[in-house]
Amino acid sequence: MELKVNQDNCLGCGICVIACPVNAAISPENAGGSGAKTEEVVIMVENGFIKLFSPDKCELCGTCQMFCPVNAIWLE
């Protein structure tokens, strides 16, 4: 399984970035919505779209998918 994103659906809201437990563990300031200070995180919003930075760190928990309001991110 791997993490997939559909840029055409993405609103750039960043809910997945904040919801991701791996992101929170790597960059705790993410949880406050102030954005990660490192590109070591799994996902970040860049230029208004989701970007996978370190998808290899994804634990395939599906939390991002559960919280995405437009199904722009999922596990396949």
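I began with Ile15, which is partly exposed at a relative accessible area of 34%. I note at the outset that this is a predicted model, and that Ile15 lies in helix 1, which covers residues 15-19. Patches are made of residues with over 30% relative accessible area, so Ile15, at 34%, can be counted in one.

**Entry on the overall layout.**

**Entry on salt bridges.** How many salt bridges does a search of the whole structure find? The search finds three, and I took them one at a time.

I looked up Glu40 and Lys57, whose side chains meet in a salt bridge at 2.7 Å, N to O. Glu40 lies in the loop between helix 2 (21-26) and strand 2 (43-46), while Lys57 lies in the loop between strand 3 (49-52) and helix 3 (63-67), so the pair ties together parts that are 17 residues apart in sequence. I checked the exposure of both partners, and Glu40 is partly exposed with a relative accessible area of 44%, while Lys57 is partly exposed at 29%.

I turned to Glu46 and Lys51, where the side chains meet in a salt bridge with an N to O distance of 3.4 Å. Glu46 is partly exposed, with a relative accessible area of 33%, and Lys51 also counts as partly exposed, at 36% relative accessibility.

I finished with Lys4 and Glu2, whose side chains meet in a salt bridge at 3.9 Å, N to O. Since a salt bridge requires the side-chain nitrogen to be within 4 Å of the carboxyl oxygen, I wrote this pair down as counted, at 3.9 Å. Are Lys4 and Glu2 buried, exposed or partly exposed? Lys4 counts as partly exposed at 28% relative accessibility, and Glu2 is partly exposed with a relative accessible area of 47%.

Key:
Residues are numbered from 1 along each chain as its sequence is written. This is a predicted model: local features need pLDDT of at least 70, side-chain atom pairs count only at pLDDT 80 or more; totals for chains, interfaces and linings use all residues. Side-chain values use heavy atoms; hydrogens and water are left out. Helices (H or I, at least four residues) and strands (E, at least two) are DSSP runs, numbered from the N terminus. Buried means under 20% relative accessible area, exposed over 50%, partly exposed in between (1.4 Å probe, protein chains only).
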